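Have the structure open while you read.

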Amino acid sequence: AIERTFSIIKPDATRRNLTGAINAVIENAGLKIVAQKRIRMTREEAETFYAVHKERPFFGELVAFMISGPVVVQVLEGENAVAKYREVMGATNPANAAEGTIRKLFAESIEANSAHGSDSTDNAKVEIAQFFSGNEIVG
Ligand code: CMP
């Protein structure tokens, strides 16, 4: 089915001017960028976004990292977009990521791993709604 997923190009990637390079990997995989904006996340937004991880030991560092520089938030559309984008990103830890994936190509570490993608269609809806209103998404 045609799905939408939520993507973040993280601060480690924007800092190295990799937005276009990452978008090229996304588009070459057949995913369409139907919404996109470059923002500075607030601490509150980052804490809300990652609330599911708040008991994890890395939560504080993760939030600090996500507000350390600009991010690019995106909505991606395509056949099986949620699973496809997770494939395109590669494993969370770049050490385990397959050749050609965004994290293998660009990530610096498990934290500074260049990209986020939703892990389910339900979470995609919640994540998209946190950052985009309906009229900002143009399919
Ligand atoms: P993401 O897909 O955005 O979802 C949660 C994020 O937490 C993950 O990517 C990583 O950036 C980060 N993360 C996961 N595990 C660790 C870890 N062990 N140490 C630091 N950060 C982590």
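## Around the ligand

A backbone N or O atom of Ile 110 lies 3.2 Å from an oxygen atom of the ligand. That's a polar contact, meaning a pair of N or O atoms within 3.5 Å. Here it is beside two contacts made by side chains:

| Residue | Protein atom | Distance to a ligand oxygen atom |
|---|---|---|
| Tyr 50 | polar side-chain atom | 2.5 Å |
| Ile 110 | backbone N or O atom | 3.2 Å |
| His 116 | polar side-chain atom | 3.0 Å |

Taken alone, the ligand exposes 460 Å², and the protein buries 80% of that (areas by the Shrake-Rupley method with a 1.4 Å probe).

Keep in mind that this is a predicted model, where local features need pLDDT of at least 70 and side-chain atom pairs count only at pLDDT 80 or more, while totals for chains, interfaces and linings use all residues. Residues are numbered from 1 along each chain as its sequence is written, and side-chain values use heavy atoms, leaving out hydrogens and water.

Who else is around the ligand? The residues there include Lys 10, His 53, Phe 58 and Arg 103, each with a heavy atom within 4 Å of it. Sorted by class, this shell has four nonpolar, four polar and three charged residues.

Now for some rings. The structure holds five aromatic pairs (ring centres within 6.5 Å).

Methods. Polar contact = N/O pair within 3.5 Å; in protein donor to acceptor, adjacent residues only side chain to side chain. Nonpolar A, V, L, I, M, F, W, Y, C, P; charged D, E, K, R; others polar. Phe/Tyr/Trp six-rings, centres within 6.5 Å; stacked < 30°, edge-to-face > 60°.
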